[in-house]
Amino acid sequence: MSAPRKPASRATEADPVVTELLRTAHAPPGGEPYWAGLEDRIMASVRSGPARLSLVVQERVSWWSGFGEFRWTDLRAAGLVAATLALLAAGASFVREQADDARARELAMRAAIEATLPLPIDDAMLSRARRHLAPDAPERYLNPLDY
Amino acid sequence: MTAIPLPLSAVAAPVVPMSAEPPTADQAAERALVLAAQAGDHEAFAGLVRRHQRRAYAVARAIVLSHDDAEDAVQEGFLHAFRALDRFRPEQAFGAWLHRIVANAALDIARRRKVRDADELPETLASPHRDPAEADELRARLARALDTLSARQRAVIVLHDVEGFKHAEIGALLGIPEGTARSDLHHARTHLRRQLRNLRSEP
């Protein structure tokens with residue numbers, strides 16, 4: 001058996017004074033001429049179609065009105081994304097430039113060394129020569145007192 | 001210029017059937033007007049406007065804060081209803097269908113106003129359209145108290161206490177469950193009662 005419903009508290013009942021104030025504040029315009037005029041305006045908009053839509057609607061359909069609907073938050077987000085992409089592109093460009101510079105320096109050094117030798121340095125030749133050296137040869141040459 | 005169409009839900013639902021009893025002469029006349037308007041008769045649609053514009057205004061006025069916005073919502077609502085007439089089934093209650101469309105137009109205007117003219121809201125409520133007594137202290141206090149309610153709570157209390165809509169009807173109009181309408185009404189009444197508590201004690 002379900003419990004009987006509690007009687008509505010006083011707070012949930014409509015306050016006649018407040019209701020009367022609300023009724024006055026929201027009272028429709030009186031008089032037949034007003035309603036006849038409103039009917040005419042409605043029928044004029046019906047007959048002429050979308051051109052008679054209210055100003056509130058009209059201002060949304062202009063091609064430039066879309067700009068007004070941008071939110072600053074949206075612009076901030078777009079700006080952050082753009083800045084991140086620009087930073088990544090700049091970083092990639094910097095790394096590539098560094099690699100190019102290092103390669104150019106190495107080529108220049110190699111060219112300078114080759115210019116002082118009677119024969120061009122051949123990588124294969126160098127590797128063949130290294131094979132005949134003892135594994136610790138460079139250490140020995142650089143630090144002869146340790147050996 | 002092209003019209004901004006209302007969402008489909010605004011014109012396609014809800015189905016509010018008329019009662020199972022035989023239609024009264026008034027209902028039969030309205031049905032005839034609807035059928036004629038659906039066939040393209042503008043005069044018949046004008047007859048529907050004449051019948052429903054006052055109630056449509058009351059619905060819109062409960063949702064928006066100014067007379068001008070309510071009038072805009074009524075005009076837009078009727079225009080959208082006219083365009084969607086072919087989707088209206090004559091066995092439905094035309095008034096309920098129309099009020100839902102007007103309520104949606106009013107909610108749309110209220111949303112846009114909230115975004116664009118937030119600073120003007122208290123002023124638009126207090127500004128008189130026809131009633132010269134609207135500037136008095138009581139009205140100003142009511143305006144301030146209403147401003148502290150949410151738009152939905154404000155609409156619910158006006159639709160229920162002033163216009164006499166039932167909870168279920170308000171739920172259908174505003175697109176909220178009936179229980180939410182009931183709860184909003186309770187909170188709105190309690191809040192206004194508290195805000196205007198010493199109204200009677202003042203001279």
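Axes here are lines fitted to C-alpha atoms, for helices over the stretch in contact, and the angles between them run from 0 to 180 degrees between N-to-C directions. This is a predicted model, in which local features need pLDDT of at least 70 and side-chain atom pairs count only at pLDDT 80 or more, while totals for chains, interfaces and linings use all residues. Residues are numbered from 1 along each chain as its sequence is written, chains are lettered from A and ligands numbered from 1 in the order in which they are written, and side-chain values use heavy atoms, with hydrogens and water left out.

Chain A has 6 helices and 0 strands, and chain B has 10 helices and 0 strands, where helices (H or I, at least four residues) and strands (E, at least two) are DSSP runs numbered from the N terminus. Of the 147 residues in chain A, 18% are buried, whereas in chain B buried residues make up 49% of 203; buried means under 20% relative accessible area, exposed over 50%, and partly exposed in between, with a 1.4 Å probe and protein chains only. Within chain B, 69% of the contacts with a separation of 6 or more join residues 24 or more positions apart, a contact being heavy atoms within 4.5 Å.

At the start of α3(B), a side-chain oxygen of B:Asp41 comes to within 2.9 Å of the backbone nitrogen of B:Glu43. The helix is mostly covered, with 16 of its 22 residues buried.

Two packed helices are described by the angle between their axes and the distance between the axes. For α3(B) and helix α8 of chain B (residues 151-162), the axes come within 7 Å and cross at roughly 145°. On the α3(B) side the contact is made by B:Val59, B:Ala62 and B:Ile63, and on the α8(B) side by B:Arg154, B:Ala155, B:Val158 and B:Leu159. These residues divide into 6 nonpolar, no polar and 1 charged, where Ala, Val, Leu, Ile, Met, Phe, Trp, Tyr, Cys and Pro count as nonpolar, Asp, Glu, Lys and Arg as charged, and the others, Gly among them, as polar.

Leaving aside neighbours within four places in sequence, A:Leu22 is in contact with B:Leu142, B:Leu146, B:Ile157, B:Val158, B:Val162 and B:Leu192.

On chain A, A:Arg23 has its place in helix α1 (residues 16-25), and A:Arg23 counts as partly exposed because its relative accessibility is 36%. With neighbours within four places in sequence again left aside, A:Arg23 is in contact with B:Asp161 and B:Val162.

Conventions:
Polar contact = N/O pair within 3.5 Å; in protein donor to acceptor, adjacent residues only side chain to side chain.
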